[in-house]
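Hello,

Here is the structure I promised to pass on to you. Have a look at it first, and then read my notes below.

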Amino acid sequence: MYDIDHVLHFVTELGRRMLLSGANIERVEVTIQRLCHAYGLHNVNNQTMTTSIFVGATDKDGHYRDRRVAVPACGLDMEKLRKLNRLGYKVAEELPNPADLMNILNEEDNAKPYPLYVTLIAQIIAMLALGRLFGGAWQDLIVIAVASTGLFFLMKLQAKIHIAKIIANFIAMFLAGLLALGSYLIGFSQHVFVILITLAFFLVPGIQMVNAARNLLCGNEMNGIIEMLKVALEVLTIAAGLAAAFYLLGDPSMGDIKEVGLVATSFLGNVEIVFISLLASAAFGATFNIKPKELIFAGLGGAIIRIVYLSLMALTAYRIVYITVAAFSAALFAEILAIRYKTPSTIFLYPAIIPLIPGDLFAFTMFGFVWNNPSLQASGGELALSLIGISVGFVVCSSLSHYLRKGKLKKLIQMRAN
């Protein structure tokens, strides 16, 4: 077995594990290219997708090899991603024996998740923060906490027994819808749509939706199409579960969905919004397995982006303008911290964009199709503009950093050649 075989086995497996942990495609491609060139391989052909990784290369003796690995459904484990990214840099610098690479990878890939109760508490806090941002009363927040707990364990069960995600989404939204509608019918909760929109946010693949739109705009069209189709299928099952719940217990006249929104527009109200955004981003950071020392940056990112968002909203009514600038700010914030702490920007980016994910617009659009309501369906246009704005903001900032990384990689290749 030649050294090239060991190297390709290592880089494809490292890339696969990085994708499974939440890395973006550009990060994986740069890591694979860096490692291949560090080991003297040339004519490197790397095709990374969200579903598979292919790497082909030639060594100095003219031996050509290629390797392809499949990538199952990706998740979010930022601590594991941080360790894998650090390992990629370490191997490129130290160049250990190729035959030992897989053993090194298996030894280093040991990131431990938070205990179950910590993740559950973080999830509840995140959902309560969103419920309050959408204008929920304390009764609504109690229902949200109970439903979020149930959804948390239902999703854990789904992952354990490998129920198809679309089936799990339907069941989860159906049960959550019954609880929300039932609590409203007995006179306990005050704003049924606040509860429903918040719980839908639990299930909506918001990060995947943003990444799909980003891939479509930055040249990874095939990845973007695949991801968008997966997102669309999950969204349809969530809408179907909601429709089934309304068929049993509800009707469109239950309250006013358009009342859902930020809790206030006064100075003190905006201070509350910023604080709740900080809390939500930090809590979501814990569910992404971001370690305690970095959670402060997760929360700080959410607060800063919310301030930018609110400030721009006061200056312009054009959603795509303030969404794009806020998304660029989030990406810039993440890139600066990534350079400072030599870690993937994704770790800081995902919590920071929580205030930007258009969960309310998604819910309005979903309700519109459930009831065949044209005025609510029109929210789909605003939803599309939001996704485009977020993607453009990301692409502009990440493109700059991407070319900087490419420049560093080019220098490394030239140094190795000399």
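**What turned up**

Leucine 95 sits in the loop that runs between α3 (78–94) and α4 (101–108). Please keep in mind that this is a predicted model. Although leucine 95 is not a glycine, its phi is positive, at about 50 degrees. With a relative accessibility of 31%, leucine 95 is partly exposed.

Asparagine 43 is also worth a look. This residue belongs to strand β1, which covers residues 42–48. Asparagine 43 is not a glycine either, yet it has a positive phi of about 50 degrees. Its relative accessible area is 57%, so it counts as exposed, the cut-off being over 50%.

Next, the inside of the protein. The largest nonpolar core holds 125 residues, and those touching the most other members are Phe10, Val11, Leu196 and Phe367. The biggest contribution to this core comes from helix α8 (residues 192–203), which supplies 11 residues. In soluble globular proteins, nonpolar side chains tend to be buried together.

Finally, which residues does glutamine 190 touch, leaving aside those up to four places away in sequence? They are Ala137, Gln139, Asp140 and Tyr184. Glutamine 190 lies in the loop between α7 (165–185) and α8, and is partly exposed at 39% relative accessible area. Its C-alpha atom is 6.7 Å from that of alanine 137, though the two residues are 53 residues apart along the chain. The side chain of glutamine 190 also reaches the backbone oxygen of phenylalanine 188, at 3.3 Å.

Terms used:
Residues numbered from 1 in each chain as written. Predicted model: local features only at pLDDT ≥ 70, side-chain atom pairs only at ≥ 80, totals over all residues. Heavy atoms only, no water. Helix = DSSP H or I, 4+ residues; strand = E, 2+ residues; numbered from the N terminus. Buried < 20%, exposed > 50% of the residue type's maximum accessible area, 1.4 Å probe, protein only. Core = buried A, V, L, I, M, F, W, Y, C linked by side-chain atoms within 4.5 Å. Contact = heavy atoms within 4.5 Å. Polar contact = N/O pair within 3.5 Å; in protein donor to acceptor, adjacent residues only side chain to side chain.
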